[in-house]
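Thanks for coming. Please have a look at the structure on the screen, and then I will go through some of its contacts.

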Amino acid sequence: MTAEAPTSLPAWMLETEGGGIAPSGRRRRRGAAERTLDGVARALERSLFSEELAARAGTLQEMDPRLKTVCLAVLLLAALLVRHLPVLAAMYALVLVLAWASLVPLGRFAGRVWLFVPLFTGLIVLPSIFNLFRPGDPLLVLWHFGEGASLGPWQLPAELAVTRQGLQGALLLVTRTAVSVSLVVLLVLTTRWSVLMGALRALRLPRVFVLVLAMTYRYIHLLLGLVTEMHLARLSRTATRLPARRERRLAAAGIGTVLEKSQVLGTEIHEAMISRGYSGEPLTLSTFSLRPADLPPAALMLLSAAAAWGGDRLLG
Amino acid sequence: MAETGEELVFELRDVHFSYRDHVALDGLSMSVQRGERLVLLGANGSGKSTLLKLLDGLIFPDRGSIHAFGRKLTAEALADEGLARSFRRRVGFVFQNSDAQLFSASVRDEVAFGPLHLGLEHREVERRVADTLHIMGLEHLADRPPYHLSGGEKKKVALASVLAINPEVLLLDEPTAGLDPKTVGFLERLLNQLAEAGKTVVTATQDLDLAAAIADRLLVLGEDHRRAGEGTPPEVLADRRLLLESNLVHDHPHRHDGREHRHPHSHLEDHGHRHRD
């Protein structure tokens with residue numbers, strides 16, 4: 001249908017509203033939209049930083065990505081098998097050396113790992129350090145319940161204490177997680193995503209798995225852009241923070257919109273793939289080649305993994 | 001199976017297509033000649049994008065028939081791997097939404113996707129990728145992920161990803177939408193070069209300037225989702241009534257020498273009189 005121009009504007013639209021721009025003296029509280037925008041901006045900034053790091057001429061960046069992936073996977077396996085804290089600590093030191101040699105800023109690298117590890121693993125293992133859940137030698141007594149105390153059908157110990165065994169177990173798990181996550185982060189930070197996907201394919205990971213991984217990463221950026229625009233559009237029409245209930249409803253509507261748009265986009269992407277000959281078998285150009293310079297860092301990593309595993313066995 | 005002449009790339013007979021209860025095309029019949037530069041003109045929602053998807057065998061008519069290179073285009077026909085592969089090598093489609101088309105992790109992978117999946121040898125794929133990136137001026141972006149590119153760069157990569165297949169028919173959906181004038185000029189020159197090389201170029205647009213620059217023939221889709229008109233660019237673009245009825249130009253009041261009057265307006269050519277501020 002041809003859009004007809006309105007014959008005349010309503011009276012209120014002919015008036016100038018609002019007057020000047022004057023401060024009220026009251027600070028506007030930040031709402032969900034601003035917080036989401038901050039989060040999206042941080043995610044995009046991290047992504048750009050990762051791309052920049054992957055392009056640096058560091059030790060791991062220069063390695064053949066297939067060999068690097070295998071070596072870091074072997075180190076990861078060793079970290080999962082090791083049972084002594086000093087050995088894990090030594091492995092973490094090796095990870096930091098690798099990061100340093102790969103020109104990865106250590107503070108940012110460690111921060112990225114240690115921000116999340118205590119949050120997720122730490123919370124999971126926290127109860128196990130107390131004698132309520134795992135008996136052991138008390139290191140620090142926090143509370144005296146007295147003999148025969150109970151909580152419903154649950155018999156409580158005489159005192160609530162942090163145990164040596166519990167603390168050791170928790171530290172071991174947290175450190176192991178930190179080493180494992182650090183190894184994976186190091187791989188991702190020092191390898192361009194497209195190259196990493198190619199390496200995974202070269203290592204015979206299932207094609208569909210690699211394709212889904214690659215596309216997920218690709219379209220996260222697109223959806224982040226979409227979310228940013230939605231929130232900016234909202235901010236441009238919002239002067240004050242809305243009541244919590246209204247905020248929740250808007251957030252739910254936003255999630256619904258993103259989901260719907262991603263479905264439409266998904267259909268289009270599939271059509272675009274079909275149009276260029278895709279028939280369910282993703283193929284990529286991979287032109288990897290091993291060089292003599294790849295061997296020293298590979299040997300270091302593989303020997304370190306063997307030493308960690310052997311040393312751990314020797315410690316009992 | 002009906003056979004059409006070799007000179008016809010596509011032939012559509014009484015094609016109907018609906019998205020649930022929303023009609024997109026209503027009884028369209030048309031044909032596309034080999035080596036032709038055809039522009040599908042139509043307002044938003046007239047069915048241009050749907051028509052291109054039908055021509056590319058991505059969707060199929062509810063009623064009526066489409067023949068491509070003399071063969072009837074159906075879901076069953078394209079289920080044949082050999083036929084699908086040869087059809088996809090011969091027909092390339094540049095989507096309006098570049099973001100939907102750029103799904104690979106780097107520009108190089110994106111350009112390689114089509115040739116790889118259409119069975120070309122690795123060495124040939126690498127040669128084509130290098131050549132295509134070169135002619136499109138994209139070499140410096142080869143290792144960049146597509147989401148870091150500007151709108152114009154994305155459009156160029158989308159076009160490069162189809163050109164690397166070297167299809168004999170190019171379908172383009174609003175190729176200049178949202179692009180800066182320099183990139184539009186680049187695309188116009190490229191499309192004309194491709195047509196001179198014998199490619200068939202079918203472009204859907206509502207941009208009359210682009211249509212005038214790249215078409216041998218214009219086919220106008222009306223807002224009733226039917227064919228509203230057809231002809232050479234001078235014939236169609238001179239038919240103000242057709243353009244007005246198809247919502248391709250609009251009619252708004254002007255002042256000239258203190259006198260207000262209305263006439264169709266498209267910025268395509270001079271009004272034949274001077275405007276004053």
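Is B:Arg217 buried or exposed? B:Arg217 is buried, because its relative accessible area is 14%, and buried means under 20%. Keep in mind that this is a predicted model.

Side chains of opposite charge can pair when their charged atoms come close. B:Arg217 does this with B:Glu36, in a salt bridge of 2.4 Å from N to O. The two residues are 181 apart in the chain: B:Glu36 sits in the loop between strands E2 (22-33) and E3 (37-42) of chain B, while B:Arg217 belongs to strand E9, residues 217-221. Both B:Glu36 and B:Arg217 are buried.

B:Arg217 also has a salt bridge to B:Glu230, at 2.3 Å from N to O. B:Glu230 lies in strand E10 of chain B, residues 227-231, and B:Arg217 in strand E9, so this pair ties together parts that are 13 residues apart in sequence. B:Glu230 has a relative accessible area of 37%, which means that B:Glu230 is partly exposed. Through shared partners, salt bridges join B:Glu36, B:Arg217, B:Arg227 and B:Glu230 into one network.

One other pair in chain B is B:Arg13 with B:Glu11, whose side chains form a salt bridge at 3.3 Å, N to O. B:Arg13 is partly exposed at 36% relative accessibility, and B:Glu11 is buried at 19%. Over all chains, the structure holds 24 salt bridges.

Next, the interface between the chains. How many residues does each chain bring to the contact? Chain B brings 39 residues and chain A brings 31. Together they bury about 3000 Å², with 58% of that area on carbon and sulfur atoms. On the chain B side, B:Phe103, B:His117 and B:Tyr147 account for 23% of the area buried against chain A, more than any other three residues.

There are 3 salt bridges across this interface. One of them joins A:Arg276 to B:Glu110, with the closest N and O atoms 2.7 Å apart. Between the two chains there are also 8 residue pairs in polar contact. Several elements of chain B each supply at least two residues to the side that touches chain A, among them strand E6 (91-94) and helix H6 (122-135). The most comes from H5 of chain B, with 7 residues. Sorted by class, the side of chain B that touches chain A has 20 nonpolar, 10 polar and 9 charged residues.

Last, the inside of chain A. The domain assignment gives domain 1 as 31-50 plus 193-275, and domain 2 as 62-190 plus 288-306. Taken over C-alpha atoms, their centres are 30 Å apart. Domain 1 puts 12 residues into the contact and domain 2 puts in 11. The area buried between these domains of chain A is about 980 Å², and carbon and sulfur atoms give 76% of it.

What is the count of salt bridges between the two domains of chain A? The count is 0. On the domain 1 side, helix H2 (32-54) and helix H8 (193-202) of chain A are the elements giving two or more residues. H8 of chain A has the largest share, with 7 residues. The residues on that side of domain 1 divide into 8 nonpolar, 2 polar and 2 charged.

That is the end of my part.

Definitions and conventions
Residues are numbered from 1 along each chain as its sequence is written. Chains are lettered from A and ligands numbered from 1 in the order in which they are written. This is a predicted model: local features need pLDDT of at least 70, side-chain atom pairs count only at pLDDT 80 or more; totals for chains, interfaces and linings use all residues. Side-chain values use heavy atoms; hydrogens and water are left out. Contact means heavy atoms within 4.5 Å. Buried area is the accessible area (1.4 Å probe) that two parts lose on being put together, summed over both. A salt bridge is a side-chain nitrogen of Lys or Arg within 4 Å of a carboxyl oxygen of Asp or Glu. A polar contact is a pair of N or O atoms within 3.5 Å; within protein, one must be able to donate a hydrogen and the other to accept it, and residues adjacent in sequence count only if both atoms are side-chain atoms. Helices (H or I, at least four residues) and strands (E, at least two) are DSSP runs, numbered from the N terminus. Ala, Val, Leu, Ile, Met, Phe, Trp, Tyr, Cys and Pro count as nonpolar, Asp, Glu, Lys and Arg as charged, and the others, Gly among them, as polar. Domain bounds come from an automatic or database domain assignment. Buried means under 20% relative accessible area, exposed over 50%, partly exposed in between (1.4 Å probe, protein chains only).
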